[in-house]
Amino acid sequence: MADSLEKRYPPYEGTEPYLHLCFSDADARRVRPLLHRLFVRGVRIWYRIGRAKTAAVRSERDERMLGASLNVVFLTDTFRSDGDAKNELLVCQRKRRAVVCLNTDGKDSGLSIGLNPNTPEYPAPDAGEAEDALLHAEGFTQSLIGPPQEPNIHWIRRATVTAGVIAAVLIAAVAGFFLLRKSTDPILNPVETVAFSDASVENAVAAAIGRPLTEERLGEVVSIQLSGDLLPEDLSDLAKLPNLQRIELTQSAALDVKNHPELYGYALVLIGGDPDE
């Protein structure tokens, strides 16, 4: 998850004003919806994830951290027990850098992490409120925002192509064996073991990987297409797709995205419509 976060939302390495998003490595999945919102808005964000393997890397990270115009703490219970994350906060405070805190659960932010009592703190129970709080936070300026950005999904395509080539070779090697036994051996005729509550999501998954749908095969899904003009009312089935990264949807359906915050963590790509509009 940590590796895919950096590939999907590359930390800013330029020289224009940027913010430093400070969070626990264990919260990578939880912070992704907020990171996605800020990234597509064009906010320049630098963050570190994983421990520095050398003193040189540690020095480079400290330089980037202290060079940020604003340091944003993504406070969770995990952060409170993460020594590395808390140390970053303390370094920023000792160097008198600007810090704000997004408190995700309303719990202690003083003694548990050593936050300066004068530090601006904002409630952030979900990604939407966290984004709104940050955009209006003390120290956040328009200079931190550049052109809108698109998440990097090319690495997913490369991985998918590589996996497809390997799969094709394996399939070719054993195709004769399976064709000979398929009609007589019930073990080689798997049945569907996954049920979806919404038919349109089920059809989209089936279109992506074929049938039968089994728990083992759901990990293959990295992209689906929801072709209807309306989004399904219940999108909880997306949680069954652990590696889903990209969702294609019509322009009409996209109008309802604001009512489905569970979609914010994915790359949303519009399909159909008049290209001249």
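Here is a short exchange about this predicted model.

Me: Before we start, which numbering and which confidence limits apply here?
Reply: Happy to set that out: residues are numbered from 1 along each chain as its sequence is written, and side-chain values use heavy atoms, with hydrogens and water left out. The model is predicted, and totals for chains, interfaces and linings use all residues, whereas side-chain atom pairs count only at pLDDT 80 or more and local features need pLDDT of at least 70.

Me: How many disulfides does the count come to?
Reply: A disulfide is a covalent bond between the sulfur atoms of two cysteines. The rule used here asks for a pair of cysteine sulfur atoms within 2.5 Å. For Cys 92 the closest cysteine sulfur, in Cys 22, is 6.7 Å away, which is too far for a bond. By this rule the count is zero.

Me: Is Cys 22 buried or exposed?
Reply: Buried means under 20% relative accessible area, exposed over 50%, and partly exposed in between, with a 1.4 Å probe and protein chains only. Cys 92, at 2% relative accessibility, counts as buried. Cys 22 has 3% relative accessibility, so Cys 22 counts as buried.

Me: Which kind of aromatic pair do Tyr 9 and Phe 39 form?
Reply: Rings of Phe, Tyr and Trp (its six-membered ring) pair if their centres lie within 6.5 Å; planes under 30 degrees apart count as stacked, over 60 as edge-to-face and the rest as tilted. A search of the whole structure finds three such pairs. In this one the ring centres are 5.3 Å apart and the planes stand at 70°, so the pair is edge-to-face.

Me: How many residues apart in sequence are the parts that this pair of Tyr 9 and Phe 39 ties together?
Reply: Helices (H or I, at least four residues) and strands (E, at least two) are DSSP runs, numbered from the N terminus. Tyr 9 lies in the loop between helix H1 (2-8) and strand S1 (19-22), while Phe 39 lies in helix H2 (residues 28-41). The pair therefore ties together parts whose separation in sequence is 30 residues.

Me: Which residue has its charged end over the ring of Tyr 12?
Reply: A charge sits over a ring if NZ of Lys or CZ of Arg is within 6 Å of the ring centre and within 35 degrees of the ring normal. Tyr 12 is buried, and so is Tyr 18. The charged end over the ring of Tyr 12, 5.9 Å from its centre, belongs to Arg 44.

Me: How many residues of strand S3 are buried?
Reply: Leu 70, Val 72 and Phe 74 point one way from S3, and Asn 71, Val 73 and Leu 75 the other way. All of these are buried. S3 (residues 70-75) is largely enclosed by the rest of the structure, because the buried residues number six of the six.

Me: Which residue in S4 is the bridge partner of Val 72?
Reply: Two strands pair if DSSP finds at least two bridges between them. S3 and S4 run parallel and are joined by five bridges. In S4, the partner of Val 72 is Val 100.
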